[in-house]
2 protein chains.
Amino acid sequence: MSQREEVAPNSLSAHRAAAAIRGGRLSSVALVEACLGRIAAREPLVGAWSFLDADYARQQAVQADERQRAGALLGPLHGVPVGVKDVFDTCDMPSEYGSASLQGRRPAFDADAVATLRAAGAVIMGKTVTTEFGMYADTSCRNPRDLERSPGVSSAGSAAAVADEMVPLALGTQHTASTLLPASCCGVYGFKPTFGFTSMRGSNILVPRLVNIGFLAREIEDIALFASVFSDDIRPSTPPLQPRRLAWLRGPGWGGVAADAKSALAAWLTTLPLAVDELALPASFERASEVAHALLSAHLAYRFGSAPMAEREGYCAPLLEAIAKGAALDAVTFIGCENIADGLAVAADQLFEACDAFVTLAAPGEALLRSAGPGSGAMTIPWSLAGLPTIALPLLKGGNGLPIGVQLVGPRGQDRRLLSMAAWMSNICNPSPPEAS
Amino acid sequence: MSQREEVAPNSLSAHRAAAAIRGGRLSSVALVEACLGRIAAREPLVGAWSFLDADYARQQAVQADERQRAGALLGPLHGVPVGVKDVFDTCDMPSEYGSASLQGRRPAFDADAVATLRAAGAVIMGKTVTTEFGMYADTSCRNPRDLERSPGVSSAGSAAAVADEMVPLALGTQHTASTLLPASCCGVYGFKPTFGFTSMRGSNILVPRLVNIGFLAREIEDIALFASVFSDDIRPSTPPLQPRRLAWLRGPGWGGVAADAKSALAAWLTTLPLAVDELALPASFERASEVAHALLSAHLAYRFGSAPMAEREGYCAPLLEAIAKGAALDAVTFIGCENIADGLAVAADQLFEACDAFVTLAAPGEALLRSAGPGSGAMTIPWSLAGLPTIALPLLKGGNGLPIGVQLVGPRGQDRRLLSMAAWMSNICNPSPPEAS
């Protein structure tokens with residue numbers, strides 16, 4: 001055994017764990033047991049899981065090891081435990097979308113994404129905590145880097161579980177910020193691919209034109225392995241690729257960015273071995289948040305506005321507010337918002353005539369104290385609306401020593417190149433201490 | 001010269017004319033001159049054209065003949081005159097979308113469809129009469145089969161010009177019924193391909209998810225030749241294909257169908273050399289017209305609702321009514337309509353598990369007297385909403401001896417098969433005299 005594999009199995013990255021299992025140096029049972037041990041120790045503090053049946057996880061691991069011994073073809077995630085945000089249906093676990101209104105719901109079928117993971121050999125470890133229907137609300141999950149702070153939302157449990165070494169991989173989703181914001185807050189990688197990357201059937205779809213899968217992991221190589229399971233276009237190993245032309249931009253959320261986060265990004269940019277010019281963003285992007293929230297509100301009012309009053313009374317406040325706002329929206333305004341979103345996708349494509357990719361912050365700063373809310377998603381909304389692939393890289397630290405993500409954004413459909421550029425950045429960059437805010 | 005080519009050139013079908021030109025037996029100049037002669041004689045009665053510059057048409061024909069003599073590669077429509085519904089932009093002719101508000105408008109660029117026609121060698125004969133912005137309104141165009149009757153709408157001039165042998169081919173569009181209804185009324189073939197068949201850039205797009213190109217011609221072989229210019233999937237010659245399983249259905253517009261039209265269809269079905277069972281349509285299709293009109297109204301309110309009052313005052317009554325209706329529509333209802341439309345596309349796909357294609361009427365009867373309006377589009381709306389390819393075949397006659405179209409509808413994306421089945425029907429079927437209504 002190499003020195004590397006002497007670390008506790010739950011601390012292993014997914015690609016190392018998968019290789020160790022494949023090579024017979026680690027069993028899925030041992031890996032899952034280590035993860036369960038970590039969860040037993042930490043879950044009472046962190047609260048990342050909405051459903052976890054340790055025996056059922058062990059049972060899947062046993063079966064994985066048996067299949068391997070029987071000479072079965074091994075999928076790329078054979079025996080590797082994965083956390084699944086509880087907005088994906090699972091045929092064998094509760095699927096409650098974070099809502100009391102769906103308590104005990106057990107759908108008959110797996111979401112397509114879950115079925116894909118099973119086919120790749122993954123152990124579905126359990127369901128991770130989400131805000132109600134993925135709304136912008138609080139959860140009881142805590143940030144494992146600092147338990148007094150929020151892990152970000154809405155893929156809170158997925159980011160926390162990965163950051164805390166409870167599992168090497170977790171599925172998230174993102175309509176506006178729900179993968180990159182918690183990734184930034186918890187100091188892990190969070191990748192939202194190009195819109196339409198994989199089927200979202202069997203998941204909580206709020207806005208069809210915004211919904212996306214999200215991948216959370218502790219290493220960039222794991223993101224590539226994870227995403228490769230869902231697309232032949234992504235390679236399971238990621239050769240680093242230095243961008244020829246890299247730009248940075250502030251984006252419409254910049255006014256809300258903390259001073260220490262700005263300093264950390266500026267300092268980090270100077271460490272790169274190429275010139276990084278600032279990119280001016282067309283004015284149309286200024287309306288991205290407004291447009292995204294209007295589309296979201298209208299779809300929420302459509303979906304939840306006619307639910308029985310007894311059910312609606314239990315909804316979280318942000319959902320109720322959105323329903324009310326959406327019910328008051330007229331169709332002409334809605335069409336206008338859809339047209340603006342279409343226009344942003346075109347405008348974004350033009351941005352990449354000046355650069356191969358651009359960087360900005362993935363969140364406006366470090367994770368907030370829980371009393372201050374989950375933090376703003378303004379840094380990612382425009383790229384979600386434009387359908388661009390985007391990834392948060394845990395390369396910065398703020399004034400409290402907590403992680404802040406660098407966000408790397410690329411052209412639609414160039415997800416593989418984006419991951420290669422992210423690998424290059426991860427390889428050359430070490431988190432540098434920030435200036436105090 | 002064969003006997004066939006002794007007919008007046010303007011009476012030739014497009015594929016025969018194109019072959020004659022290619023073979024040196026007919027010049028484009030002679031063909032265009034014959035069409036201009038027919039137009040000079042008939043246009044004062046029919047009124048199919050909103051713009052026609054005879055000298056400019058001759059000039060294009062002269063150039064086509066010169067290019068041929070110079071040995072240029074010949075496109076599939078080399079030297080063949082085509083009428084273009086005036087909802088397509090043309091860089092060299094007025095493009096007024098049938099609206100006084102756009103009088104004298106001359107766009108700088110061709111619509112993509114027009115550019116495609118030019119690249120195929122066609123002579124752009126002129127612009128044909130459309131209702132204002134393709135709305136469901138009257139025009140001054142008359143039905144060449146009976147000048148007291150409406151040619152149907154909104155591709156009125158295109159259908160009338162083809163039926164009256166002014167041109168062998170004309171472009172139309174269809175959001176709900178605008179190609180098949182006038183084709184049925186005027187007794188020509190009218191084909192609306194699968195949604196998304198070709199780019200509609202540079203045309204009057206009312207509802208992005210409904211807008212479609214339409215092809216009008218007097219022979220089924222011409223429809224295939226015409227459509228093949230726009231898609232490699234369509235073959236310029238159409239081998240007849242007998243459907244294995246053909247069904248017929250009434251559709252949600254059946255309540256408004258005239259008795260003579262019902263009889264004509266029933267009699268025709270008995271002449272087919274295969275059993276044609278009646279297909280039950282899922283109840284969701286009953287709402288197709290309501291949904292299509294809601295989507296249309298909302299988009300019209302978005303597009304025209306904020307136009308200057310002086311401009312709006314000139315709009316036709318149906319447009320003003322739609323704007324008012326759309327302005328009052330809420331976003332939730334709009335999303336519901338879009339979801340119903342999505343559902344119809346899925347439901348329609350399932351219909352074709354029981355048959356290769358189905359037939360119904362293309363219109364509720366013969367062309368109406370002009371005082372009675374342009375006729376209902378209810379027979380085609382559901383298939384437009386579901387994105388299905390559909391073609392009107394001039395195979396029936398009503399109680400007044402006027403044409404009624406058989407409508408043949410197939411699965412999405414199987415346009416080539418649909419045209420082959422339409423060719424089979426056209427070959428075996430002779431219009432049979434109807435029973436009196």
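Trainee: How many residues of chain A are in contact with chain B?

Mentor: This is a predicted model. In it, 15 residues of chain A are in contact with 15 residues of chain B.

Trainee: Which helices of chain A each supply at least two residues of the side that touches chain B?

Mentor: They are α9 (288–304), α11 (317–327) and α12 (331–351). With six residues, α12(A) gives the most to that side.

Trainee: How does the side of chain A that touches chain B divide by class?

Mentor: It has nine nonpolar residues, five polar and one charged.

Trainee: At what angle do α9(A) and helix α12 of chain B pack?

Mentor: The general idea is that angles of 65 to 115 degrees count as roughly perpendicular. Here the angle is about 75°, and the axes are 9 Å apart. That makes α9(A) roughly perpendicular to α12(B).

Trainee: Which residues make the contact of α9(A) with α12(B)?

Mentor: From α9(A) come A298(A), H299(A), A301(A) and Y302(A). From α12(B) come A331(B), V332(B), I335(B) and G336(B). By class, the residues of this contact are six nonpolar, two polar and no charged.

Trainee: Why is helix α5 of chain A largely enclosed by the rest of the structure?

Mentor: A residue counts as buried if 20 or more other C-beta atoms lie within 10 Å of its own. In α5(A), residues 156–163, eight of the eight residues are buried, so the helix is largely enclosed. Among them are A156(A), G157(A), S158(A) and V162(A).

Conventions:
Residues numbered from 1 in each chain as written. Chains lettered and ligands numbered in written order. Predicted model: local features only at pLDDT ≥ 70, side-chain atom pairs only at ≥ 80, totals over all residues. Contact = placed C-beta atoms within 7 Å. Helix = DSSP H or I, 4+ residues; strand = E, 2+ residues; numbered from the N terminus. Nonpolar A, V, L, I, M, F, W, Y, C, P; charged D, E, K, R; others polar. Buried ≥ 20, exposed ≤ 12 C-beta atoms within 10 Å, placed from the backbone. Axes fitted to C-alpha atoms, helices over the stretch in contact; angles between N-to-C directions. Parallel < 35°, antiparallel > 145°, perpendicular 65-115°, else oblique.
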